[in-house]
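User: I am new to this structure. Could you take me through its confidence and its salt bridges?

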Amino acid sequence: MQSITSARLCNQFRSMCRFPGRNRSQIVRYFSDDDSQKNKEAEVKVKKDTPIEEKSEQKASAALKLSNLLQAIIQDDLTMKSEKENLKLSTAKNKKGSFKKVVTAAEYQLGKEMADAIVGVSKELEGDKEQIKADLIDKVASMKAPVAEHILEAPVKEQDAAPKEPVNFSDLIGGMTVEKIAKARPQVKTDTQYSRAGRVRGNIKDKVDDEPILSSRRRRFAPDEPSVRAGLEESVPLGIFSDPASLRKAEPLLPIWEQMHQRDLQLAVMYPPSNIYEEMISWTNQGKLWKFPIDNEQGWEREQNVPFSEHIFLDKHLQDWCPKKGPVRHFMELVCIGLSKNPHFTVEEKKEHILGYKNYFAGKSQLLKELGAV
Amino acid sequence: MNNMLKNTLKLIPSTLGICSNIMFQQLRTRWVDCRMIRDFKRRKCVVEYADERLRLRTILKNKVLPVAIREDARAMIMELPRNSHPYRTTYRCALTSRPRGNVKPFRISRIVWRDLADHNRLSGVQRAMW
């Protein structure tokens, strides 16, 4: 019978903790005092030996057990590994913009189709293929054909071609590397975008930008790119229009259309106020708010340049025709006093009134003579 | 307005196949009714003769000038067209052409005024409560 020493217990616990995969039976066996499962020969040996020999025997058996345990552990690990290899663990899929498209210089300049075509031509023709390619690239590039966006944004591969004479445009570009990663769209919105003004701006943008239907239609009916580049000032003018400057002053056939077009342009540039200060500024410009320093006559556009003396001193209009004395003079002086105190009439209107009286009295001159008023 | 429409529809023969039971909606032109149009014509006349009237009136009403001239001026005023009298204009409601019960600063009748005020369409107008 083996006694369970404290040291042995400790060791057993440590081993159990380190290798939790041990099955329960094995653990129980190590801890139990039950001898039925153990080797009977070892038991017999232990019984026969002396106490000193017993201890050594114990140590040996302990060592044996430890080695057995370690072996079992290793086997377990191996099985685990094999199992792991068989498992298909899910990995993160490649995101759309994460890989960079590598593109040759020719493709960068001209587009994939053109580049392929150039390569094919160079293969068919005899002579220096690189030279042919370079020349073709030169020619086509000078036409400035449009290139697709995804190719423009992609980085350009370094060309290994050695520099040739004469130096080619494509080689120059090949030497350079352009590292352009697709621009990440702004995920976080700023304050201005969240505000009402921001939302209105967004709406205006949506409206100003063509709808996908319209843009697709435009693509279908878009004219082909010109094969020959037209120069405006290369050839001799025909001389149909003698005075081209006068044409610009011509009135539009559809004036309301023009007005609406101008309004559209203004609205495209104008934005609603982003804060109260901008709103107040726009109100002031419209004339809804007082301007500082306060001018009492703000908004009176009619008589801005007319001095107040013209409103008050109206006797000069009576000089020509009015008699110096008499009821008519008296009456007209009263009229002038009344008009000078009236702020609602303009100077012209006051003059017209006085003229009206003049005409009236001129028409009644005979009656006035009879009465002796004149 | 509805009557006018109905009368015009009656003139159209039924053989044309036009249904006379059309839903009549409010016709919103510049003028609500003929009275409004007449009032507008009177106002135009008033504006036309306003200056003349003003001068003649001043001559009429002053006590400086001799009486004969005043009488003459009075005669002249009477000769002017009737519609040049500002008293012949009425302050009608702009929306319903109601001649009476109008709120002058707003130029609308009291009923329309109340309706708009309740729907918060009148600036600075609030339910009275004190």
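Analyst: The following answers cover confidence, then salt bridges and their surroundings. This is a predicted model, in which local features need pLDDT of at least 70, side-chain atom pairs count only at pLDDT 80 or more, and totals for chains, interfaces and linings use all residues. Residues are numbered from 1 along each chain as its sequence is written, chains are lettered from A and ligands numbered from 1 in the order in which they are written, and side-chain values use heavy atoms, with hydrogens and water left out.

User: What is the mean pLDDT of chain A?

Analyst: The mean is 75, and 63% of the residues of chain A reach 70 or more. Here pLDDT is the predictor's confidence in each residue, from 0 to 100.

User: Where in chain A is the pLDDT below 50?

Analyst: One such stretch is residues 160-164 of chain A, which has five contacts in the model beyond near neighbours in sequence; a contact means heavy atoms within 4.5 Å. Where pLDDT is low, the predicted coordinates should not be read in detail.

User: Now to salt bridges: how many are there over all chains?

Analyst: The count is six, a salt bridge being a side-chain nitrogen of Lys or Arg within 4 Å of a carboxyl oxygen of Asp or Glu.

User: Which side chain meets R329(A) in a salt bridge?

Analyst: The partner is E333(A), with 3.4 Å from N to O. Both residues lie in helix α17 of chain A, four residues apart, about one turn of the helix.

User: Is R329(A) buried or exposed?

Analyst: R329(A) is buried, with a relative accessible area of 15%, while E333(A) is partly exposed at 36%. Buried means under 20% relative accessible area, exposed over 50%, and partly exposed in between (1.4 Å probe, protein chains only).

User: And in chain B, what does R43(B) form a salt bridge with?

Analyst: R43(B) pairs with D39(B), their closest N and O atoms being 3.0 Å apart. The two lie in helix α2 (residues 34-48) of chain B, four residues apart. D39(B) is buried at 6% relative accessibility, and R43(B) is partly exposed at 30%.

User: What about D33(B): which residue is its salt-bridge partner?

Analyst: D33(B) forms a salt bridge with R35(B), with 2.7 Å between the closest N and O atoms. D33(B) is buried at 18% relative accessibility, whereas R35(B) is partly exposed at 41%.
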